[in-house]
Amino acid sequence: MRQRLVRFVLLLSVALTTVIASAQSGGQLRFCLRSEPKTFNPVLVADDASETVRYLTGGVLIRLNRLTQQLEPELATSWKVGDNGRTISFKLRQNVRFSDGTPFSAEDVAYTMDRLMDPGLHSPTGDAFRSGEGKVITQVAGKNQITVTFPAPIVGLDKLFDQVAIMSANSPQKEMAVLGPYYVVENKAGSYLLLKRNPNYWKQDAAGRQLPYIDSIRLDIQQNRDMEMLRLVRGEIDFINSLDAEYYDKLAAEAPNLVYDAGVSLDSEQIWFNQIPTAPLPPYKKAWFTSTNFRRAISESINREDLARVVFRGHARPAVSWVSPANRLWFNSKLPPHPFDQKSALQILAQDGFRMQSGTLHDREGHVVEFSVITNAGNKYRERMATMIQQDLAGIGIRLNVVTLDFPSLIERIARSFDYEACLLGLVNDDLDPNSQMNVWLSSAENHQWNPSQKTPATAWEAEIDALMRAQASTLNMKKRKQAIDRVQEIVWQQEPFIYLVNKNAMSAVSTALHNAHPVVLRPQVYWNIDELTLGTEVAGNR
Amino acid sequence: MKWARMAALGFLVLVSAACLLADYVAPASYAQQFRDALDAAPSRQHPLGTDDLGRDRLSRLLYGTRVSLLLAPAAALLSSLLAALIGGTAGFVGGWVERCMMAATDLFLSLPWLFLLVTVRALLPLNVSPFTSVVITFALLGCLGWAAAARVICADARTLSSSDFVLLARATGNGSFRLLWRHILPNLKPILYAQFWISIPVFILTEANLGILGLGVAEPLPSWGSLLRELESFSAFSAQPWQFVPLILLVVVVSCFHVGLQKRELSS
């Protein structure tokens, strides 16, 4: 009898353990990718879909917490940047294994850096580390310590490691052996991708339970956004990582509890004038476009509040600076909003000899003020913005011709032939550190769109920007860097080489079945804390 | 089917009259943005509501119809004339002239014309008014759309030039020009007329396709293409059935052009 009782208790405990275990196994998370990932090799990632797979599967030394915007230790328990940003030393976490069981060591970090900086691979991630001529040297000091030395200092060096997924030097599975929360088990081309929980993932929650909570992730390839929305409403997928304003409103009307507007993002939309001396434009137009008064008058004639309200349905904010207010550390909060004042705009134009004649603006020499703005065809938001700006500028007698071009033709004009007058485009920005925009703000840079690749700065204010950007790039002193970037923002606010229009909001949609999701403005907005997301209620925190 | 033809022509006349009188009939300017009445439902002030920039939909439909209905026939006329010139000459002269001209026609037919249109349009000067841009767009359509018609006309001209009455005319001492002018061209008229009539809806739809790609008529001038772009964002979530009016009008007008063709024109 006693033996039977013991057996019964044992069986009961086994059954209970099984039930609890199954309750804790978090089911399958489903969401959509807009295209197939082009690579699973983390150093070759260049498209959004591959970036998603890298984020879900890759283990990194340091991770940028998308909520706090602070760096956090991951595979490196600590790190130290030295020699003014030329070297970085990591102390690595011990007893960590790749998804295939291969042990993780400093040798893998060295191997990853080697692959990353291999000139034959042209790694887009590696480009950020190319600070100067010369080789990157890795010094392995034991199993868990490594120092990486770069040929020249790199500002914000530690933040760059958020993108570096460590690869195994010894695994026969090569890049498919990963250190992140999930690993790829199935890839059905054009249909779906299946990821499973990494059994060797090193991270545990506060209660000592191994992360991630969710068992597997199915990524369906779905280009049609309407289908994606329908699938979310039907409960077939668990979230949409990024929504635009139109889809946000449609979904909000149908299922308001699913949508999230995390607020203003890092992305901006801007317009600029062609100030290139050799551009095939008449001299009087070049004189308009290089005049600060002209650019400021145009800026003051654009109703940014209306752009945000009408075009983006309120899911955008009038832009103030080239640094978005979402970038808490670097945004210059002392800058006032750009005013919308067409009377003031006309007064500014009068200083340059512009005058109104029967409802049309003429310059000093009597030319009718008319110019064209190009933008990429098919982008409804930009086309609408251009149409609204057209009406705004008509208010000060300027005739604006809106021209939509297919993207290759647009790039040909703004980057090669320079045969355009003004251009409306946007900037998708992922990097919080403004140093990543050196290739825009230096007058010698190719992406200095209004007048690229200058041998010497064309204006005094561009020379000042050059000096400030170089100064901030040559120091690790955060106070000095912040002062320099604030001053650059002031200059850009005054000179308006780019007339910043709006900063778009970061919007997403999350099913009520998904817990612990806290959508943020930085990419990836919804699944940035993938290892903490749950689909059940047993470990659910606040949604 | 005479009644159907009459009804179709009557409808086309009615639509043409409405769009020609748009200045008097339209409730507002096609470009005026009522920024406090975005995506408004139909009302007395805006009988078809407003679009996403607050512009009156009925006004845009009337002006857009005017653009498409005036310029598509102009483009069709241009392409028919080119087809008559190239196809007629090739068929009438024959020999190596015909072979060369038809080879050129075949080359034109094998070009991906949408890609060609996009490329040619990208090379045009940027600083042109919306009206000029629409004229250029339709002129391009006219210049690129002659090849298929030229083949048909060439075949017909060849048949005619070897027919008994042309041989008789030639035997009685008629010169080449007189033969062409008095005997061939009058007999090509029905086919030219049919080609012209068929080309109109083709060009309307082509402009609509370009407009849907955002490469048609420049803002703020409306056309059927730009009006149909609104339907891209149509969704069951925010059903606004009045958004379909331009599509319905386009389908009906294009159908009317086809119904309007006489039986003999179709057979030719």
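Trainee: Among contacts in chain B between residues at least 6 apart in sequence, what share joins residues at least 24 apart?

Mentor: The share is 69%, where a contact means that two C-beta atoms, placed from the backbone, lie within 7 Å. The model is predicted: local features need pLDDT of at least 70 and side-chain atom pairs count only at pLDDT 80 or more, while totals for chains, interfaces and linings use all residues. Residues are numbered from 1 along each chain as its sequence is written, and chains are lettered from A and ligands numbered from 1 in the order in which they are written.

Trainee: What is the secondary structure of chain B?

Mentor: Chain B has 12 helices and zero strands. Helices are DSSP runs of H or I with at least four residues, strands are E runs of at least two, and numbering starts at the N terminus.

Trainee: Why is the crossing of H1(B) and H3(B) called left-handed?

Mentor: A crossing is left-handed if the near helix is turned anticlockwise from the far one by less than a right angle, and right-handed if clockwise; H1(B) and H3(B) are assigned to the left-handed class. Their axes come within 8 Å and cross at roughly 115°. That angle is taken between N-to-C directions, from 0 to 180 degrees, with axes fitted to C-alpha atoms over the stretch in contact.

Trainee: Which handedness does the crossing of H3(B) and H6(B) have?

Mentor: H3(B) and H6(B) cross in a right-handed manner, at roughly 35° and with axes that come within 8 Å. Their contact comprises 12 nonpolar, two polar and no charged residues. Ala, Val, Leu, Ile, Met, Phe, Trp, Tyr, Cys and Pro count as nonpolar, Asp, Glu, Lys and Arg as charged, and the others, Gly among them, as polar.

Trainee: What makes a set of residues a nonpolar core?

Mentor: Such a core consists of buried Ala, Val, Leu, Ile, Met, Phe, Trp, Tyr and Cys residues joined through C-beta atoms within 7 Å. A residue is buried if 20 or more other C-beta atoms lie within 10 Å of its own, exposed if 12 or fewer, and partly exposed in between. The largest core has 118 residues, and Leu501(A) and Ile153(B) are among those that touch the most other members. Helix H3 of chain B, residues 57-93, gives the largest share, 15 residues.

Trainee: How many residues bring chain B into contact with chain A?

Mentor: In chain B 21 residues are in contact with 30 of chain A. That side of chain B has 11 nonpolar, seven polar and three charged residues.
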